Amino acid sequence: MALFVGFGLVVGILFGFFGMGGSFLVTPALLMLGYDASVAVGSGMAFVFGTAVIATLKHHDLGQVDYKLGAIMIAGTTIGIEVGRASVYYLEALGLAGGVISVAYVVLLGGIGAMVTREAMKGDGGGGVDHEAADTDLSEYEIPEIAKTIQETVRIPPMVTLRGDVRVSAWVITAVAFSTGLLSGFLGVGGGFIRMPAMIYAIGVPVPVAVGTDLFEIVFSGGIGSYLYGQGGGVDLAIVAPLLFGSALGARIGSAATAVVDSDGIKIYFGGMLLAGAVAVGIGEVGSYLGNGLLETVGLVLVIGAAVVVAGAIVYTTVASLRATRRRRTPAAD
Amino acid sequence: MAGLAVPTWDPQTALLIGAILFEAIVLYVGYGGLERLVGPRLMELLVGGDSGVGQ
């Protein structure tokens with residue numbers, strides 16, 4: 001239980017700081033701890049649900065939610081989750097679920113990790129939530145070129161107007177929602193780390209609206225997904241409750257740290273952590289395949305260790321920055 | 001969508017998900033109160049004064 005509270009704290013710090021990185025560490029860790037695929041995915045999704053409720057409560061007052069976009073996203077995501085969830089049970093019946101989910105994680109974590117690291121090294125702050133962008137006025141937001149092209153090319157009615165004067169086909173929104181829902185149901189992730197860039201680059205909504213609407217949607221998609229997994233006995237409250245207990249505190253620490261530390265500097269570590277996570281899941285799977293317990297343990301230590309190191313770096317940098325600021329404010333009087 | 005399970009009403013599962021929802025709300029309110037209560041003191045302990053974090 002203490003392990004879950006501690007791991008939840010680490011995951012919460014990462015979520016609060018980067019705005020993503022919650023669930024896709026939890027499910028692989030549970031898989032490596034030996035839980036059934038449906039319990040690992042179902043409990044991961046229930047954890048996401050709880051985390052999203054807390055985050056949405058916080059963002060509610062900021063008025064950064066497009067409810068029309070959210071409603072269409074919810075409909076598409078629900079169907080996607082259902083297809084993804086059915087795939088997990090089908091693969092489990094074939095005895096392939098653990099392996100296929102792990103491989104999907106390796107590809108996804110590796111791909112996103114490489115993307116975030118590359119963007120961070122380029123120094124333009126890509127990947128994750130840009131906290132500064134989230135504070136920018138909606139009218140100042142520039143629609144990415146790819147989103148403009150999609151908006152001009154795909155004009156299948158009905159067209160909908162979203163916050164920030166974005167006009168897009170409802171079918172584009174539905175396609176984005178279904179694809180991300182499919183991944184969400186299959187991997188037990190909230191899907192924010194895929195859905196948010198998809199909303200920004202495929203639909204073209206301003207970053208703050210993407211963040212707010214995404215959180216609003218995760219409450220629904222996570223809730224429905226958890227309910228469906230719960231019906232199959234896939235949600236273990238003994239896992240979810242302590243994880244949530246730790247992550248709710250961690251998210252406050254991580255969120256507060258964004259006011260002090262420039263997230264771009266740490267994004268490169270975040271990308272590295274995702275890559276380490278991909279390697280760890282790969283090592284764990286090889287160990288499991290070979291029946292080598294040591295390799296499985298190495299994989300588990302690596303995935304948790306990488307997350308702990310990055311979370312520790314955030315806390316350390318925050319405290320160091322605050323101390324430096326205080327020293328500058330109060331020049332040595334002695 | 002043939003062959004896919006349709007969500008049906010299950011009081012036990014609803015209670016389980018409701019418990020997670022309740023825990024989330026309690027944690028949001030509880031940690032919020034805790035932050036206001038011990039936040040400044042904790043900041044003083046860590047950096048020697050309230051530097052505005054967690055506001």
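In chain A, 80% of the contacts with a separation of 6 or more are between residues 24 or more positions apart, where contact means heavy atoms within 4.5 Å. This is a predicted model, in which local features need pLDDT of at least 70 and side-chain atom pairs count only at pLDDT 80 or more, while totals for chains, interfaces and linings use all residues. Residues are numbered from 1 along each chain as its sequence is written, chains are lettered from A and ligands numbered from 1 in the order in which they are written, and side-chain values use heavy atoms, with hydrogens and water left out.

Let me describe the two chains. Chain A holds 13 helices and two strands; these are DSSP runs, with helices being H or I of at least four residues and strands E of at least two, numbered from the N terminus. Of the 334 residues in chain A, 55% are buried. Here buried means under 20% relative accessible area, exposed means over 50%, and partly exposed lies in between, with a 1.4 Å probe and protein chains only. Chain B has one helix and zero strands, and 25% of its 55 residues are buried.

I turn now to the interface. In it, 33 residues of chain A are in contact with 30 residues of chain B. The size of an interface is often given as the accessible area lost when the parts come together. Between chain A and chain B the buried area, summed over both parts and taken with a 1.4 Å probe, is about 2900 Å², and carbon and sulfur atoms give 72% of it. A:Tyr227, A:Arg252 and A:Leu322 supply 23% of the area that chain A buries against chain B, more than any other three residues.

How many residue pairs are in polar contact across the interface of chain A and chain B? The rule finds six, with both residues at pLDDT 80 or more. A polar contact is a pair of N or O atoms within 3.5 Å; within protein, one must be able to donate a hydrogen and the other to accept it, and residues adjacent in sequence count only if both atoms are side-chain atoms. Five helices of chain A, namely α3 (37-60), α4 (67-93), α10 (207-231), α11 (237-257) and α13 (293-329), each supply at least two residues of the side that touches chain B. Helix α11 of chain A gives the most to that side, with nine residues.

Next, the salt bridges. A salt bridge is a side-chain nitrogen of Lys or Arg within 4 Å of a carboxyl oxygen of Asp or Glu, and the whole structure has two over all chains. One joins the side chains of A:Arg252 and B:Glu35, at 3.0 Å from N to O. This pair crosses between chains, from helix α11 of chain A to helix α1 (residues 11-47) of chain B. B:Glu35 is partly exposed, because its relative accessible area is 25%.

In another salt bridge, the side chains of A:Arg85 and A:Glu82 meet at 3.3 Å, N to O. These two residues are three apart in helix α4 of chain A, so about one helical turn separates them. Both A:Arg85 and A:Glu82 are buried.

Finally, two individual residues. A:Ser169 lies in strand β2 (residues 166-169) of chain A and counts as buried because its relative accessibility is 0%. Beyond its neighbours within four places in sequence, A:Ser169 is in contact with A:Val154, A:Ile156, A:Pro158 and A:Met159. A:Thr318 is placed in helix α13 of chain A. Is A:Thr318 buried or exposed? At 9% relative accessibility, A:Thr318 counts as buried.

Technical notes: Buried area = accessible area lost by both parts, 1.4 Å probe.
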